[in-house]
Amino acid sequence: MNLMIDLRKVTRVNVSTRDLQIQKTYETLFALEDLRELFRQSLPTGFNDAEKEEFSRNLARVKATIEELEKGEGKLTCQKIGNKLDVRSREEEFINIHPIQAAGRLTPEARKAIISYGDGYSTCDYCRKPFRLDKITRPPIEEFHQDLAKFVNMDQTRVVPGARRGFQAVTQSLVEKGDSVIVSSLAHYTEFLAVEVAGGVVKEVPQNESHVVTAEATAQKIEDVKKETGKLPALIMIDHFDYQFANEHDVYGIAKVAKEYGVTFLYNGAYTVGIKPVDGKKIGADFIVGSAHKSMASVAPSGVLATTDEWAPKVFRTTQMVGDVTKRKFGIKEVENIGCTLMGGTLISMIASFPRVKARTENWDEEVKKSNYFLEQFQRIEGSKVLSEQPRKHTLTKVDTTGSFDTVAKTHKRRGFFFSDELKDHGIIGEFAGATRTWKLNTYGLSWDQIKYTAESFIDIAEKYGLKIN
Ligand SMILES: *Cc1c(COP(=O)(O)O)cnc(C)c1O
């Protein structure tokens with residue numbers, strides 16, 4: 001506790017103009033929000049005298065803060081939201097290499113959209129018959145659903161609260177109690193849970209010695225399941241890039257195997273849809289699932305479930321329930337989606353980010369190039385290893401610094417935290433604090449300048465502690 005207070009004092013004294021300006025930017029935004037609130041609290045006919053005064057006071061505050069922002073001066077007032085929440089300014093202050101946060105950072109459009117559409121059911125202003133989210137034309141939600149389908153080259157899409165809810169909609173529609181579902185031995189926990197909630201049983205395809213899941217291994221697993229249970233699996237669910245190594249798995253080959261056995265195939269694009277081109281028809285997937293808060297620069301929880309015209313009636317089946325007393329029915333509400341899904345800022349943030357998200361998938365090769373460049377530099381630090389396949393085909397990577405930074409941690413009084421401290425001093429965050437053996441980083445979205453700066457910082461830290469640079 002003492003340590004924390006001391007550190008805060010140090011940063012207070014040494015606060016840079018840049019940090020101050022970041023805080024002043026928030027202060028200005030918040031002052032404008034207070035000003036905005038006056039419109040919400042007053043009569044549509046205009047302000048009364050007290051409100052006029054309040055408005056002037058707020059406006060003066062906005063102007064004063066802007067002046068401080070411009071000059072990079074003023075008190076660093078500890079910004080709070082209410083009295084419990086700190087301002088989150090990590091993305092402004094630091095380069096963030098957090099494995100799951102990189103591609104979920106909002107675009108400026110998404111941030112503007114949530115200022116405007118943050119209110120509860122904000123998508124529902126012009127909801128008309130037949131009263132379903134994906135049918136709303138203002139804002140253009142229906143059109144967005146069509147754009148999304150085109151984006152992943154599938155017939156139909158729905159937005160869902162995260163990839164996990166996409167898996168769940170599929171498992172609950174297709175998997176009967178006791179059915180086997182084939183997943184990768186590198187599968188995400190949410191895939192396990194989506195099978196469990198439907199009463200299914202997970203069967204893992206072993207990875208090979210390079211931590212890759214192949215079509216042959218998947219075919220073998222199908223055979224094993226058939227032999228063991230007397231039945232084919234109800235579903236195969238495979239990640240294109242897994243969350244542990246971000247190695248590429250043979251989804252094309254696996255889709256082909258699935259088709260040969262007549263088993264439904266779900267492509268898990270949590271780490272692809274929104275950062276790299278994904279073509280569902282080319283893959284031969286029955287379902288494509290994406291995570292919008294992981295890879296589509298959107299507010300959580302958000303994601304996408306796409307399918308073919310063949311599967312849509314099953315997974316998007318509409319309610320048949322009739323009230324026994326009232327005889328009420330609810331028309332075209334979809335059972336798996338419990339009617340409507342992302343009814344506010346989440347969906348609006350997806351729509352707002354979409355043009356940039358679509359465009360950025362075309363730059364995937366450049367993102368991969370930056371990832372490989374960074375790791376080349378990183379591996380110059382003797383004892384530093386890359387555990388993921390190389391050359392990298394992704395921006396997420398598992399590294400091993402047991403032979404480098406961990407040797408320093410062994411004798412440092414801050415142990416593994418010395419490394420996070422050093423990175424933070426260089427303006428870099430997102431590595432797992434205290435971890436100096438195996439950990440993950442993601443370089444997605446960093447500019448070349450930021451990539452080079454990050455690489456140089458790693459080398460700088462290594463040199464400081466006498467590690468050899470090759
Ligand atoms: C992150 C991740 C998920 C979960 O995504 P959510 O959108 O948070 O539900 C599922 N699978 C993989 C491979 C992931 O990396």
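This is a predicted model: local features need pLDDT of at least 70, side-chain atom pairs count only at pLDDT 80 or more; totals for chains, interfaces and linings use all residues.
Which residues does Met154 touch, not counting residues up to four places away in sequence? The contacts of Met154 are Ala149, Gly280, Lys281, Ala285, Asp286, Phe287, Ile288, Ala306, Thr307 and Thr308. Met154 sits in the loop that runs between helix H6 (141–151) and strand E4 (156–160). Its relative accessibility is 6%, so Met154 counts as buried.

**Asn268**

Next, select residues 265–268, which make up strand E8, and pick out Asn268 within that strand. With 4% relative accessibility, Asn268 counts as buried. A polar atom of the Asn268 side chain lies 3.0 Å from the backbone nitrogen of Ala270. Show the neighbours as well: leaving out residues up to four places away in sequence, Asn268 touches Phe167, Glu191, Ile238, Asp239, His240 and Val289.

Move to residues 189–197, helix H8, where Phe192 lies. Phe192 counts as partly exposed because its relative accessibility is 31%.

**Helix H3**

Select residues 49–71 to bring up helix H3, which has 23 residues. What span should its length give? At 1.5 Å a residue, H3 should span 33 Å. The end C-alpha atoms of H3 are 33 Å apart, in agreement with that value.

At the start of H3, show the side chain of Asn48: one of its oxygens reaches to within 3.1 Å of the backbone nitrogen of Ala50. Following H3 is Gly72, whose phi is positive, near 65 degrees. Between these ends, highlight Glu51, Asn58, Val62 and Thr65, the buried residues of H3. Helix H2 (17–41) is included in what covers them.

**Salt bridges**

The structure holds 29 salt bridges. Side chains of opposite charge can pair when their charged atoms come close.

Start with Lys369 and Glu366, whose closest N and O atoms are 3.6 Å apart in a salt bridge. Both belong to helix H15 (residues 364–378); they are 3 residues apart, so about one helical turn separates them. An α-helix has 3.6 residues a turn, so residues three or four places apart point the same way. Glu366 is partly exposed, at a relative accessible area of 33%.

Then select Glu389 and Lys393. Their salt bridge has its closest N and O atoms 4.0 Å apart.

Go on to Arg414 and Asp421, a salt bridge in which the closest N and O atoms are 2.8 Å apart. Arg414 has 29% relative accessibility and counts as partly exposed. Asp421 also counts as partly exposed, at 28%. For the last stop, display Arg132, Asp134, Arg158 and Glu334, which salt bridges with shared partners join into one network.

Note on methods:
Residues are numbered from 1 along each chain as its sequence is written. Side-chain values use heavy atoms; hydrogens and water are left out. Helices (H or I, at least four residues) and strands (E, at least two) are DSSP runs, numbered from the N terminus. Buried means under 20% relative accessible area, exposed over 50%, partly exposed in between (1.4 Å probe, protein chains only). The expected span of a helix is 1.5 Å times one less than its number of residues. Contact means heavy atoms within 4.5 Å. A polar contact is a pair of N or O atoms within 3.5 Å; within protein, one must be able to donate a hydrogen and the other to accept it, and residues adjacent in sequence count only if both atoms are side-chain atoms. A salt bridge is a side-chain nitrogen of Lys or Arg within 4 Å of a carboxyl oxygen of Asp or Glu.
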